[in-house]
Amino acid sequence: MDETDEPIAAGDSVTLAISMPLDRGFLRRHCSSCEREFKRLGDRVTETSEDAVLTCPYCYQSAPRDDWWTEEQHAYMQNVTYEKVVAPKLREFQRSLKGMGGGLLGLSFDLKGIEHAPALPPQEIADMARVEFPCHVDEPLRVAEDWEFDVACTICGTRYPFTDVRRQDQSHE
Ligand SMILES: [Zn+2]
Ligand SMILES: [Zn+2]
């Protein structure tokens with residue numbers, strides 16, 4: 001899970017596969033409305049279509065697919081992008097300037113700032129209670145153990161009492 005692929009450039013865009021640590025297959029998600037965290041299956045997150053709108057299991061607010069990254073995940077993606085895409089381009093630019101005689105047109109380009117500490121993936125721990133929804137059985141979540149209110153399915157927003165949808169983890173996971 002800790003392998004990060006090299007960027008694939010196609011035309012004007014660069015695709016970068018960034019691996020995030022999982023908890024028993026679940027990826028940590030963050031709701032920007034209520035600031036609470038839950039977890040959704042990593043495979044499902046990857047397969048979610050670009051225009052999908054998802055519901056927070058706690059506050060029932062909905063948000064587009066890309067709005068659920070935690071601050072740590074977001075910082076990690078930015079750091080990896082910098083390391084794999086931006087810094088190599090800057091080094092290339094630096095080399096090309098040297099090839100042009102360096103101080104061409106009085107342009108001096110200080111590149112000391114290119115090198116950063118390596119991007120470290122966010123830490124993930126095994127926590128939260130597994131919940132499974134009758135409306136979308138293939139979209140289980142993990143939510144706070146001590147949640148006392150209804151839990152909403154992230155796909156369709158249907159709400160259920162926490163105790164009705166809570167499931168024990170299977171030991172083979
Ligand atoms: Zn929320
Ligand atoms: Zn549902």
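Strand β3 is mostly covered, with four of its five residues buried. The structure is a predicted model. Its chain holds three helices and 11 strands. Of the 173 residues in the chain, 16% count as buried.

**Layout of the chain**

- Read from the N terminus, the elements follow the order β-β-β-β-α-β-β-α-β-β-β-β-α-β.
- Taking contacts between residues at least 6 apart in sequence, 50% join residues at least 24 apart.

**The five-stranded sheet**

- Five strands form an open sheet in the order β3-β4-β8-β7-β11, and their pairing is antiparallel.
- The edges are taken by β3 and β11 (166-167); each has a single partner strand, so one side of each lacks a neighbour in the sheet.
- Strand β3 (residues 26-30) runs antiparallel to strand β4 (residues 37-41), and five bridges join the two.
- Within this pair, Arg 29 has Phe 38 of β4 as its bridge partner, and His 30 is bridged to Glu 37 of β4.
- On to the next pairing, β4 meets strand β8 (residues 141-143) in the antiparallel sense over two bridges.
- Here Lys 39 has Arg 142 in β8 as its bridge partner.

**The nonpolar core**

- The largest nonpolar core has 12 residues: Cys 31, Phe 38, Cys 56, Tyr 58, Val 131, Phe 133, Leu 141, Val 143, Val 151, Ala 152, Cys 153 and Val 165.
- Two or more residues of this core come from each of β8 and β9 (150-152).
- Phe 38 belongs to this core and is also the β4 bridge partner of Arg 29.
- Val 165, another member of the core, touches Val 131, Glu 132, Phe 133, Val 151 and Tyr 160, leaving aside residues up to four places away in sequence.
- Among these contacts of Val 165, Val 131, Phe 133 and Val 151 are listed in the core as well.

**Helix α2**

- Helix α2 (residues 71-99) has 29 residues, which should span 42 Å at 1.5 Å a residue; the end C-alpha atoms lie 40 Å apart, in agreement with that span.
- At Tyr 82, α2 bends by about 40°.
- The buried residues in α2 include Gln 73, Tyr 76 and Val 80.
- In general, an α-helix has 3.6 residues a turn, so residues three or four places apart point the same way.

**Loops and backbone angles**

- Most residues other than glycine have a negative phi.
- Arg 24 is not a glycine, yet has a positive phi of about 50°.
- This residue, Arg 24, sits in the loop between β2 (13-15) and β3.
- With 9 other C-beta atoms within 10 Å, Glu 35 is exposed.

**The loop around Ser 49**

- Ser 49 is located in the loop between α1 (42-47) and β5 (53-55).
- Ser 49 has 6 C-beta neighbours inside 10 Å and therefore counts as exposed.
- From C-alpha to C-alpha, Ser 49 and Pro 64 are 10.0 Å apart in space, while 15 residues separate them in sequence.

Terms used. Residues are numbered from 1 along each chain as its sequence is written. Chains are lettered from A and ligands numbered from 1 in the order in which they are written. This is a predicted model: local features need pLDDT of at least 70, side-chain atom pairs count only at pLDDT 80 or more; totals for chains, interfaces and linings use all residues. A residue is buried if 20 or more other C-beta atoms lie within 10 Å of its own, exposed if 12 or fewer, and partly exposed in between; C-beta atoms are placed from the backbone. Two residues are in contact if their C-beta atoms, placed from the backbone, lie within 7 Å. The expected span of a helix is 1.5 Å times one less than its number of residues. The bend at a residue is the angle between axes fitted to the seven residues ending there and the seven starting there. Two strands pair if DSSP finds at least two bridges between them. A nonpolar core is a set of buried Ala, Val, Leu, Ile, Met, Phe, Trp, Tyr and Cys residues joined through C-beta atoms within 7 Å.
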